[in-house]
Amino acid sequence: MADTAEIAELLARVALRDRNAFRALYARTSAKLFGVSLRILSNRSEAEDALQDVFIKVWQRAEGYRPEAASPMTWLIAIARNNAIDRVRARRPGHTDIDEAFDLEDSGMSPEQSAINTDQGNRIEECMEHLRPERAEAVRRAYVEGESYNELADRLGVPLNTVRTWLRRSLLALRDCLGAY
């Protein structure tokens, strides 16, 4: 009996859950499949683990082998090669299994919250346009950019109490304007 025919027959018997055929198939093909795994993984221990995974897949999928599509060794080597490549891909940093990512919640704003924020931002901008330009600039620098009252007084060339008064009155005007919406 030729090797190809013998391996095909062993696969057919494995598909019927014949443990003796599985043992024989392992004895006939494991060295070749280990070599394929080792060549891709470059790690003996990992290649041994990969070989174990390959034979688990062979046990589970033997009924899927189609002799008219490929020789049995080609089919087995494809399983070993794909398994090893999957392991190499899993080693890459930043790799996240799709099943792990499924439960991750987006910490950003929802589309609804984003629309609300955009709408509120537009209303604030409209109200800011009603302020005098120097007072609108003082509000932006104090409450958006974080400048101190002293820095604003120096920048605008006005006394510190004038900056405080401008900001207080500007905030009141903004509150009234926003309350109108």
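R91 comes out as partly exposed, with a relative accessibility of 42% (buried is under 20% relative accessible area, exposed over 50%, partly exposed in between, using a 1.4 Å probe and protein chains only). Its side chain meets that of E46 in a salt bridge, 2.8 Å from N to O; a salt bridge here is a side-chain nitrogen of Lys or Arg within 4 Å of a carboxyl oxygen of Asp or Glu. R91 sits in helix α4 and E46 in helix α3 (residues 44–61), so the pair links parts 45 residues apart in sequence. E46 itself is buried, at 18%. Helices are DSSP runs (H or I, at least four residues), numbered from the N terminus.

This is a predicted model, with local features needing pLDDT of at least 70 and side-chain atom pairs pLDDT 80 or more, while totals for chains, interfaces and linings use all residues. Residues are numbered from 1 along each chain as its sequence is written, and side-chain values use heavy atoms, leaving out hydrogens and water.

The salt-bridge count comes to 11. In one of them, R13 pairs with D18, the closest N and O atoms lying 3.0 Å apart. Both ends are partly exposed, R13 at 30% and D18 at 22%. R141 and E147 also form a salt bridge (3.2 Å, N to O), and both of these residues are buried. Through shared partners, salt bridges join E137, R141, E145, E147 and R155 into one network.

Technical notes
Helix = DSSP H or I, 4+ residues; strand = E, 2+ residues; numbered from the N terminus.
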